[in-house]
Amino acid sequence: MTATDLDPDARDAADPLASFRDRFVPAPGVVAYLDGNSLGRPPALTPARIESFVREEWGGRLIRGWDEGWWEQPGTLGDRIGALALGAAPGQSVVADSTTVLFYKLARAAVAARPGRHEIVCDTDNFPTDRYVISGIAAERGLTLRWIETDPATGITQEQVADAVGPDTALVTFSHVSYRSGWIADAEAITALAHDAGALALWDLSHSAGSVPLELDAWGVDLAVGCTYKYLCGGPGSPAFGYVRHDLITGLDQPIHGWAGRRDPFAMAADYEPGPGVRRLLSGTPPVLGMLPLTVSLDMLAEAGIDAVREKSLRLSDYALDLTGAWLVPRGVTVASPREHARRGGHVTLVRPGFSELLDPLWRRGVIPDYRAPDGLRIGLSPLSTSFAEVHAGLSALRDLLPHPGRGGGVRASPPAAPPPGGGGPDWGRPAPAGRARIPRPAPRVPRTRGAVAT
Ligand SMILES: Cc1ncc(COP(=O)(O)O)c(C=O)c1O
């Protein structure tokens, strides 16, 4: 591939979504933000929206705001996410809690909805919180975890699931897009396998929503949950979304019975009785301020359309893979993400021993990818805010920190050149990325463990 073939400018010039990039808050000194799959950038309209909410709605309307839309916001926003990103008809989605808490509520409700069945099928490479929560539920309910060993460079397959499910399976749960490799699981086929076994399927959509189009209703998905602060740009710690297929809602008893999910909450009645709709997933007061930035970023997603987002996402990841092939593979880097479009999500993972030492020098140069232990750099590509020039700049900085082909040796933790103007200094970055980055890989597990996880 020639330098001209790898030119980012022609790609940016031909990009129908290019103008969206200027509609995000600028990040001084950041040359390449390649971590929108972890935390999306704030739209430029978000600060004004927050200010006007505080002054006019909170400050001006005070408690009357609850009757003027706040109380309904979990369902209103849930339906919006459902329509724009999940392929879900209204009345099945809410925004509430964190992903971890909502995942617990749905998983716990699912096993309760399958009495007499004692197994949960899950995989060793799912995001840690999902594995921990499922282990806790197994311990709490005396259930058996049936772990599928996942190849961290790919993901869960139908064959593996078909081998694992059976008449004792209550629940199967996986991530749709693997947080590590970006592998897209076949959610429709795997859900059908769960149904054939009489089980329910719960999907973690954190790395799909707002990046990979989803068709939850058409796929027959039972339950789903996901983060809103990644591709949906809801801001750090913004509340999660949850989905329950319409015909399952009335039979679903989530374990945290709170007043906000009760039928007629303002009756202040003696006993809990779940609300009639998907709102029964709620427990406490809706996090109205936490949901606010989503009202802005979802407008942008609506304007762009999820299909155009996906199209650009694939062009960005194709480009990242082309640059990797030309520059990084000769320097010992391997790609731990699928090549086929149908199986590739919104990020690509590159692997090379010693990558952890490169985070600091990259951050000093204004290049922000994500590190996943032991040796993975995730290149997150957010179609509305990432340009091709950014991918070029980020991967060329990485190339410059790796030893030349043939010279061998480790990575160049000391940058060979000075950071770009405005690219250094502690003012824009967190002190040291290393602490958060070192998430251990789960130890291999025996196929079946009763109660808590055996490592
Ligand atoms: C796939 C996946 N699931 C769950 C979570 C946890 O979400 P939270 O910390 O908001 O509960 C994350 C966080 O990054 C994630 O990537």
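Predicted model: local features only at pLDDT ≥ 70, side-chain atom pairs only at ≥ 80, totals over all residues.

Student: Can we zoom in on A302? Is A302 buried, partly exposed or exposed?

Tutor: A302 sits in helix α9. It counts as partly exposed because it has 13 C-beta neighbours inside 10 Å.

Student: OK, back to α9. How does α2 cross α9?

Tutor: Helix α2 (residues 46-61) and α9 have axes that come within 9 Å and cross at roughly 135°. That makes α2 oblique to α9. The crossing of α2 and α9 is right-handed.

Student: Who's touching whom there, between α2 and α9?

Tutor: T46, R49, I50 and F53 of α2 make the contact with L292, P293, T295 and V296 of α9. By class, the contact of α2 with α9 has five nonpolar residues, two polar and one charged.

Student: New topic: the ligand. What surrounds the ligand?

Tutor: The residues around the ligand are S98, T99, T100, F127, T129, D130, S175, Y179, D204, S206, H207 and C227.

Student: Which elements give two or more residues to that shell around the ligand?

Tutor: Those are α4 (99-112) and α5 (128-141).

Student: And how many residues of the shell are nonpolar, polar and charged?

Tutor: The shell around the ligand has three nonpolar, seven polar and two charged residues.

Student: How do α4 and α5 sit against each other?

Tutor: Their axes come within 10 Å and cross at roughly 40°. That makes α4 oblique to α5. The crossing of α4 and α5 is right-handed.

Student: Which residues of α4 and α5 meet?

Tutor: On the α4 side it's T100, F103, Y104, A107, R108 and V111, and they meet T129, D130, V133, I134, I137 and R141 in α5. Sorted by class, the contact of α4 with α5 has seven nonpolar, two polar and three charged residues. T100, T129 and D130 from that contact are also among the residues surrounding the ligand.

Student: Why does F174 count as buried?

Tutor: Because F174 has 26 C-beta neighbours inside 10 Å, and the cut-off for buried is 20 or more.

Student: What does F174 touch?

Tutor: Leaving out residues up to four places away in sequence, F174 touches C122, D123, N126, I156, A185, I190 and W203. There's also A224, which is 50 residues from F174 in sequence and 9.8 Å from it in space, C-alpha to C-alpha.

Student: One more residue, S317. Where is S317 found?

Tutor: S317 is found in helix α10 (residues 306-328). It is buried, with 25 other C-beta atoms within 10 Å. Not counting residues up to four places away in sequence, S317 touches R344, V348 and L381. The C-alpha atoms of S317 and P383 are separated by 10.0 Å, and these two are 66 residues apart along the chain.

Student: Now the whole chain. How many helices and strands does it have?

Tutor: There are 13 helices and 14 strands. Of the 455 residues in the chain, 47% are buried.

Student: And what share of the contacts with a separation of 6 or more is between residues 24 or more positions apart?

Tutor: Those account for 75% of the contacts in the chain with a separation of 6 or more.

Key. Residues numbered from 1 in each chain as written. Near = placed C-beta within 6 Å. Helix = DSSP H or I, 4+ residues; strand = E, 2+ residues; numbered from the N terminus. Nonpolar A, V, L, I, M, F, W, Y, C, P; charged D, E, K, R; others polar. Buried ≥ 20, exposed ≤ 12 C-beta atoms within 10 Å, placed from the backbone. Contact = placed C-beta atoms within 7 Å. Axes fitted to C-alpha atoms, helices over the stretch in contact; angles between N-to-C directions. Parallel < 35°, antiparallel > 145°, perpendicular 65-115°, else oblique. Left-handed = near helix turned anticlockwise from the far one by under 90°.
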